Amino acid sequence: MRSPYLKKQGNTKVLMVDDHPFVMLAGELHNSNSSTPEAMEASCRKAVELGMNSVIATLSWELIEPEEGCFDFSTVDMVIDIARKHGLKLELIWFGSWKNAQCAYAPAWVKKDLNRFPRAEMQKGKRSGRMEILGAVNYTTLSYLSEEACKADARAFHAVMAHIREIDSRENTVLMMQVENETGVLTAAREHYDLADRLFYGPAPAELVQYLKAHTENMADEVRAAVEEGADAGTWEACFGSVAEEFFSAYYVSSYVNRVAAAGKEAYDIPMTANCWLEQGKAGEYPSGGPIARVMEVWQFAAPSIDILAPDIYTPAFCAVCESYTKNGNPLFIPETATHAYAGVRQLYAVGRHHAVCYAPFGFEDIGKPFLGMSGVGMDLTDPALRTRQDAEEYRQITTALRSMLHKITPKLGTDDLQAVSSEQGREQKLVMGDFGFTVRMGVNEKEKSPGGALVVKESEDTFWLLCVNCSPMPFSSDPQKPYWDYLSVEEGYFESDGAWHTTLRRNGDEIAVMRFAEPTILRVKLFAYGD
């Protein structure tokens, strides 16, 4: 059996599992829910209830290598065994040197040896700083310039990947690995101890400068201007101006993560991702050096062993963030997002509009419970969507419908034959798919202001599959020679487990004059166009 891999299909990359395209309709577990069989069992049962086909779970360096060179893979075995028992696929997160820009999950033997494994000096001469994060006042993390820390992390990750290959290379339960979590440094844009200063005020790597100057087309305006106006050689400031400090951190963080990922791939070569805490404020107020979109080109240069850069989205600008993470050939992979009212519709949108490899709300175990906000960081608490929780039954219906349609969706990944719209883009949206299109009006009766969306798959020139949530779709002809159109058939129904379509209602007359769908509904629509 071949291990999972990424394959170019159309204008994107798709995840291939057993040589077939696979979309991860997933959820990320609360961080500690993969630490015991009881918690892992409960999370997997919830994932199955919600219709998911995958989960994202964590592995902790401190538990796997409690003493240097002594490995305990019991947690790895438990997580894989329980996911497999429930028929779920996995992405595993390596909580190594970084978790939320901190070193909380590094083993005690790493944390205690400050000489061998130095902490980042975010202020000259200080190994910790004051920043309230995750309930702690003192902020500290390993230095991204620590050779010993990088080597130790890479050795441990190599051992983990070798073990996963040994126990899972036939079953392919583990599809992907996330290397570290929300990397970077807080409180300042870069480290400030002696070695960091020498490197920063010395020459920037020539190959990096050349690469960035040749890849400015998709950069943010401020970043592009700094790169284009900068010198072709010289110090970081001379070459990169206002973005020099964040580029410096991004280069050394991504180089560190690349070494860890490369060591893992040497043992077991499956796709690997790196996620990020999104840009909010200035570098250091969010983790400077992490793979945010504005430094994507730095990461793509310095971390070729990372296959996908992935955003953790806890901001209202969901659609814009998705767009920014599909540049430079990077496929969309959402490992974390909020469980508020838009969670279900955002899954439909991410898969249909951006052909996402994965969509996963964080702490999915809480879907349907009162939304009390996050104890973590990086969430924009001004987001009005936080006022309303995601209805668990609606999420199950959307996920189940999407999953049943994957045999129709996956052949269209990377093509214009798969599209989607969301009410976050506006209350009325248009889709054009060859000779026909659809105008989608969001909101149905009492659900007028609730999230809505539609996913459309073009099966042939006149036949379309629609998944509608709280919206009203209306076809139109996009052929100027045949401006008039009519329905040939409209069927409502569902897909059997073997992929066969089962019609529950044949619509006509009044029922197609105005089609409004409050609940997630799958349609097969056949159209006809004609001229005068």
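**Sheets, helices and loops**

Q: Which residue stands opposite glycine 493 in S23?
A: Isoleucine 522 in S23 stands opposite glycine 493. The model is predicted: local features need pLDDT of at least 70, side-chain atom pairs count only at pLDDT 80 or more, and totals for chains, interfaces and linings use all residues. Residues are numbered from 1 along each chain as its sequence is written, and side-chain values use heavy atoms, with hydrogens and water left out.

Q: What makes S21 and S23 a pair of strands?
A: Two strands pair if DSSP finds at least two bridges between them. Strand S21 (residues 484-495) and strand S23 (residues 521-530) have nine bridges, in the antiparallel sense. Strands themselves are DSSP runs of E, at least two residues long; helices are runs of H or I, at least four residues, and both are numbered from the N terminus.

Q: In what order do the six strands of the open sheet lie?
A: The order is S15-S18-S19-S23-S21-S22, with antiparallel pairing. Strand S15 (418-422) and strand S22 (501-507) are the edge strands, since each pairs on one side only. The twist averages 30° from one strand to the next.

Q: How do you know that helix H13 packs on the sheet?
A: Contact means heavy atoms within 4.5 Å. Helix H13 (residues 343-354) touches S15, strand S18 (453-460) and strand S19 (463-469). The direction of H13 makes about 145° with that of S15. Such angles run from 0 to 180 degrees between N-to-C directions, with axes fitted to C-alpha atoms, for helices over the stretch in contact.

Q: Where does helix H14 lie?
A: Helix H14 (residues 392-404) lies across S18, S19, S21 and S23. H14 runs at about 165° to S19.

Q: Why is asparagine 330 called buried?
A: Buried means under 20% relative accessible area, exposed over 50%, partly exposed in between (1.4 Å probe, protein chains only). Asparagine 330 has 5%, so it is buried. Its place is in the loop between helix H12 (318-324) and strand S12 (333-334). Among the residues it touches are Met296, Asp307 and Tyr325. Buried residues of H14 include Tyr395, Ile398 and Leu402.

Q: Why is aspartate 18 called partly exposed?
A: Its relative accessible area is 30%, so aspartate 18 is partly exposed. Aspartate 18 sits in the loop between strand S2 (12-17) and strand S3 (20-22). Its phi is positive, about 55°, although it is not a glycine.

Q: Why does aspartate 19 count as partly exposed?
A: Its relative accessibility is 43%, so aspartate 19 counts as partly exposed. Aspartate 19 is found in the loop between S2 and S3. Its phi is near 65°, a positive value in a residue other than glycine.

Methods
Lists of a residue's contacts leave out its neighbours within four places in sequence.
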